[in-house]
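The structure is shown first.

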Amino acid sequence: MRTESNKISKSSWPKQAVKKWLNIKTSADKFHSDYCFTGAERRKSCSDKDCYAVVPDNFSEGWLMDSRNGMRSWDLGKEETCVPFSDALDLRMFVGTWNVGGKSPDEALNLRDWFKSPSPADVYVIGFQEIVPLNAGNVLGPEDSGPAAKWLSLMRHALNPNIEEEKGGVKQQQRYYLAASRQMVGIFLCVWVRADLYCHVTNIRASCVGTGIMGYLGNKGSISISMRLYHTTFCFVCTHLASGEKDGDEMRRNLHVSEILKRTKFSSSFEAPQTILQHHNIIWLGDLNYRLVAGYDDTHELLKKNDWQALLEMDQLRIEQKAGRVFKGWNEGGIYFAPTYKYLANSDHYVAQTSKSKEKRRTPAWCDRILWKGERLKQLWYVRGESKFSDHRPVYSMFFAQVDLRGKNGITPPPPPPSNAVTITRSCSSKPLVNAGLPSSCAAKVQAEEQLLMLTRTQSCMDTVQSL
């Protein structure tokens, strides 16, 4: 993975700070990636040519390296038999968001429980808020990338446990690559893709918008990552909106959303979206900071009864969205879990339960949310995690995302390799994953697993709050 030096000379600090204050783009706006490119530059996808490599059964490293086999790029894949090829592909996309309260993780923190699902996803989109304390040094000074590196390391190990299994006589190893990651002060967003999808991801770009101090600094704001998977465009927006539960604070959050939609611009690229709303599929995640309109005294009884639906009627985001003042036309799944903020450290108790000061008392709220927009996205489940690492609980969701394998000119990527090629299998399907969607029997099994998981998570949340 490409990384930049964390050391910044004292002489360059004022220059870095001024650029930050004035929102001047610097080379630091270039994201990190396992890909060998920088900024908006991108090597061509392996689908740019209508060919594929036929891997023999007796595959060896020598076969790959020996140029005397006489195979040329324009000869590859010229087989008489061809496997039928579908126009669309259903992928599983895991999306998670977590405000970690300015705490840096240690190696003992296990993220595998957070990423756990009945079947692994094809794409993981993980967003964090407050990976560094939001003090003056971090907001006004140079970026502290140390915590981000730790989170990346934890995610890489959680997604790549280096366990090799053998199924059907074929050795396989689940492997994910970092497509892109970007940090702005405490906001951190990264996208991981499965190895066999790696070369079908193109036009990766990132854009940051600060909406914090003076309306421009990065203590609040957004990071957006744009990419094309086959011929479908995706935009992932990780945000940390204005805090506070005073009357009118929800309007500041609405304004932040409006500013992010207006000011997010992606670098010019051929036939690529330039704004958030120009993408086929958009997922908005983060600490949106919307609170409950009632105070703690009015909500305490509902919390004791686990009456989430009654509490959600007082949720500012639902109220503002229904009134058409924010996220008009966006979707959010049903919420069947307890409010995610604000907890005592290493505790299942809300701060409001123990605080005697009204100023420090925070009414529990669903600050951490995931919304989406796009006809080819289907949410499977929407739950929260139970890690006590910070004063927020993580929230995550699984989507089915349908991608277009044909371009607007009807050009199709190369067909799957023949049966004697080395393939990567998953779940109960025995076909190469690059071929069409799951069989109906497999899809039914996966959906049943997802429903069971959601019921289990919901019960866990209810049990957790029983002590209120």
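## Helix H6

The model is predicted. In helix H6, the buried residues are Asp249, Glu250, Arg253, Asn254, His256, Val257, Glu259, Ile260 and Arg263. Elements that cover the buried residues of H6 include strands S7, S8 (221-229), S9 (232-240) and S10 (281-287), together with helix H9 (316-322).

H6 spans residues 249-263, which is 15 residues. From its first C-alpha to its last, H6 reaches 21 Å, close to the 21 Å expected at 1.5 Å a residue.

## The six-stranded sheet

Six strands form an open sheet in the order S5-S6-S2-S1-S13-S12, and the pairing is mixed. S5 and S12 (377-384) are the edge strands, each pairing on one side only. From one strand to the next, the twist averages 15°. Strands of a sheet pair through backbone hydrogen bonds, in either the parallel or the antiparallel sense.

S5 pairs with S6 (residues 187-194) in the antiparallel sense over eight bridges, and Met184 has Ile187 in S6 as its bridge partner. The two strands form a hairpin with two residues between them. Val185, in the turn of this hairpin, has a positive phi of about 55°.

Trp381 has Met398 in S13 as its bridge partner.

Helix H5 (residues 146-159) lies across S1 (88-99), S2 (123-129), S5 and S6. H5 runs at about 25° to S6.

The largest nonpolar core has 92 residues, of which Trp151 and Met155 touch the most other members. Leaving aside residues up to four places away in sequence, Met155 touches Leu111, Phe115, Ile126, Phe128, Phe188, Cys190 and Trp192. A second, separate core has 17 residues, among them Leu241, Phe266, Ile282 and Leu288. In soluble globular proteins, nonpolar side chains tend to be buried together.

## Strand S7

S7 covers residues 201-210, and Arg205 is found in this strand. Is Arg205 buried or exposed? Arg205 counts as buried because its relative accessibility is 1%, the cut-off for buried being under 20%. A polar atom of the Arg205 side chain lies 2.7 Å from the backbone oxygen of Pro273.

Asn203 is also placed in S7. Its relative accessibility is 18%, so Asn203 counts as buried. The phi of Asn203 is near 50°, a positive value in a residue other than glycine.

Most residues other than glycine have a negative phi, and most peptide bonds are trans. Asn289 is not a glycine, yet has a positive phi of about 70°. Asn289 is found in the loop between S10 and helix H7 (296-304). With a relative accessible area of 3%, Asn289 is buried.

Which residues does a cis peptide bond join? The bond lies between Tyr341 and Lys342, and omega is about 0°. Lys342 is found in the loop between H9 and strand S11 (368-373).

Technical notes: Residues numbered from 1 in each chain as written. Predicted model: local features only at pLDDT ≥ 70, side-chain atom pairs only at ≥ 80, totals over all residues. Heavy atoms only, no water. Pairing = 2+ DSSP bridges. Helix = DSSP H or I, 4+ residues; strand = E, 2+ residues; numbered from the N terminus. Axes fitted to C-alpha atoms, helices over the stretch in contact; angles between N-to-C directions. Contact = heavy atoms within 4.5 Å. Buried < 20%, exposed > 50% of the residue type's maximum accessible area, 1.4 Å probe, protein only. Polar contact = N/O pair within 3.5 Å; in protein donor to acceptor, adjacent residues only side chain to side chain. Core = buried A, V, L, I, M, F, W, Y, C linked by side-chain atoms within 4.5 Å. Expected span 1.5 Å × (residues − 1).
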